[in-house]
Amino acid sequence: MEESTSAATGEAKRLLRALGGEVVERPAWWLMRQAGRYLPEYRALRSQAAGFIEFCLNPELASEATLQPVRRFGMDAAILFADILLVPHALGQKVEFGEDGPILEPIVEGSGIGRLSPDGCAGLDPVYETVRRCRARLPAETALIGFAGSPWTVATYMVEGGASRDFRRTKAWAYRDPHGFGALIELIVEATVDYLSGQITAGADAIQLFDSWAGVLPEAGFARWVIEPTRRITARLKERFPAVPVIGFPRGAGLFYQRYVAESGITAVAIDTAVSPAFAREMLQARVAVQGNLDPVALLVGGAAMREEVRAIRSALGGGPFIFNLGHGVLPQTPPENVAELARQLAEPLDIT
Ligand code: CP3
C-alpha cells in the first residue's frame with residue numbers, strides 16, 4: 001500500500017462523504033469484524049502473541065491486523081484492531097479471553113465500583129500508537145474508524161463477568177439501585193470519552209460506538225442506559241472534534257431505533273440484520289446516514305443467495321446517504337473468497353447486479 005495524504009486525491013474519502021449526508025454512486029463499504037479469524041493471515045499474526053489483550057496492545061501486530069483486510073479487499077474504511085473490553089481492562093478489572101469468549105472478574109453490585117481506577121485510560125496509549133501507524137500506512141482514500149463499546153454493553157460484560165443470556169445481574173442492579181449503577185455507567189462514559197479523544201487525536205477519521213446488547217432493555221431503560229450515556233459521549237466529542245462523525249450501533253433496538261436516532265446525537269446509525277431496509281429508508285435515513293445490514297450468514301454462504309440480499313439492501317437504501325456493511329460481525333467460518341465476491345458486486349452499478 002502506498003503512503004499518501006488525503007490532499008493528494010483532491011476529494012474527500014467516500015466513507016466520510018456518505019457520513020456527511022452525500023449520496024455516492026457506488027456505496028462506501030466496510031464490514032464489522034473485517035479483521036480476524038476468517039483470514040489465514042490474521043491467524044498467523046495472532047500466533048505471535050500469547051494473550052489477546054497483549055495482541056491488542058502491541059502496535060506492530062494490531063496495526064498489521066487492521067490493514068490486512070483492506071489490503072486484500074480494498075474496503076473504503078479500516079477499523080482499528082482492538083476490543084471493547086480494553087476499557088474495563090484499563091479501569092483495572094481482570095479481563096481474559098478464553099476459548100468460549102471473554103471472562104471478567106465480575107463487578108459486584110454496591111461496593112464493586114470502588115475497585116476500579118478512574119484514570120486507567122493511560123494504559124491504552126499503545127492503541128493510539130496503533131492508530132498513528134495505520135494512518136501513516138493507509139491509502140489516502142481509505143478512512144480509519146476508531147471505536148469503543150457503548151457504556152451499557154460494556155457494563156453488561158463488567159457486571160455479568162462475560163457473555164450472558166438474560167443480563168440478570170446487570171438489569172437487576174439497574175432496577176434496584178439506579179443511582180449506584182449510574183455511577184458505573186458514568187465511570188465508563190468518562191473513560192470512553194478519554195479513550196475516543198485519544199484515538200481521534202492520533203488520526204481516527206470517524207468513530208463507531210458498538211452497543212451489541214442495546215436490544216435487551218424496555219423503553220425507559222433504553223432511554224436511560226442506552227440513549228442518555230451515548231448522548232453524553234457524542235456531546236463531549238462534538239465539543240472537541242466537531243467534524244468527526246459518530247456511527248451508533250444499537251443492535252436489536254427494534255422500534256427504539258427511531259428514538260435513538262432522534263435523541264442520541266449520533267451522525268449515522270448502523271442497523272442490525274432484523275431491521276427492514278424499507279423501514280430504515282422511511283424512518284431513519286431522512287435524519288442520518290444509514291449503515292448496514294447484510295446477514296453475516298448470507299456472507300458465509302455467498303453465491304446467488306448473497307447476491308440477492310445485497311441487491312435488495314442497495315436498492316432500498318442506496319438512494320440516500322448509505323454505507324454498506326453487515327448487520328453484525330463477520331463470522332469466523334466465512335470463506336474469504338465470499339468477501340472478494342461481495343467487493344466485486346459492490347463495484348458494479350446497481351442496475352446490472
Ligand atoms: O471489527 C474489527 O475487525 C475490529 C476489531 C474488533 C474486535 N472486537 C476484535 C476481536 C471489534 C470492533 C470488536 C468489538 C467487540 N468486542 C464487540 C462489539 C461487536 C459485537 O461483536 O457485538 C464485542 C461485544 C466484543 C467483546 C468480545 N471480544 C467477545 C464477545 C469476544 C469473543 C467472541 C468472538 O467474537 O470472538 C471477543 C474476542 C475478539 N475480539 C476476537 C477478535 C478478532 C477473537 C479473539 C481472537 O482472535 O483470538
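Let's start with helix α7, residues 151–160: 10 of its 10 residues are buried, buried meaning under 20% relative accessible area with a 1.4 Å probe, protein chains only. Helices here are DSSP runs of H or I, at least four residues, numbered from the N terminus.

Keep in mind that this is a predicted model, where local features need pLDDT of at least 70, side-chain atom pairs count only at pLDDT 80 or more, and totals for chains, interfaces and linings use all residues. Residues are numbered from 1 along each chain as its sequence is written, and side-chain values use heavy atoms, leaving out hydrogens and water.

Back to α7. Among its buried residues are Trp-152, Tyr-157 and Glu-160.

On the α7 side, the contact (heavy atoms within 4.5 Å) uses Pro-151, Trp-152, Val-154, Ala-155, Met-158 and Val-159. Facing them from α9 are Phe-181, Leu-184, Ile-185, Ile-188 and Val-189. By class that's 11 nonpolar, no polar and no charged; nonpolar takes in Ala, Val, Leu, Ile, Met, Phe, Trp, Tyr, Cys and Pro, charged is Asp, Glu, Lys and Arg, and the others, including Gly, are polar.

One last stop, the lining of the largest pocket: 25 nonpolar, 8 polar and 8 charged residues.

Key. Buried means under 20% relative accessible area, exposed over 50%, partly exposed in between (1.4 Å probe, protein chains only). Helices (H or I, at least four residues) and strands (E, at least two) are DSSP runs, numbered from the N terminus.
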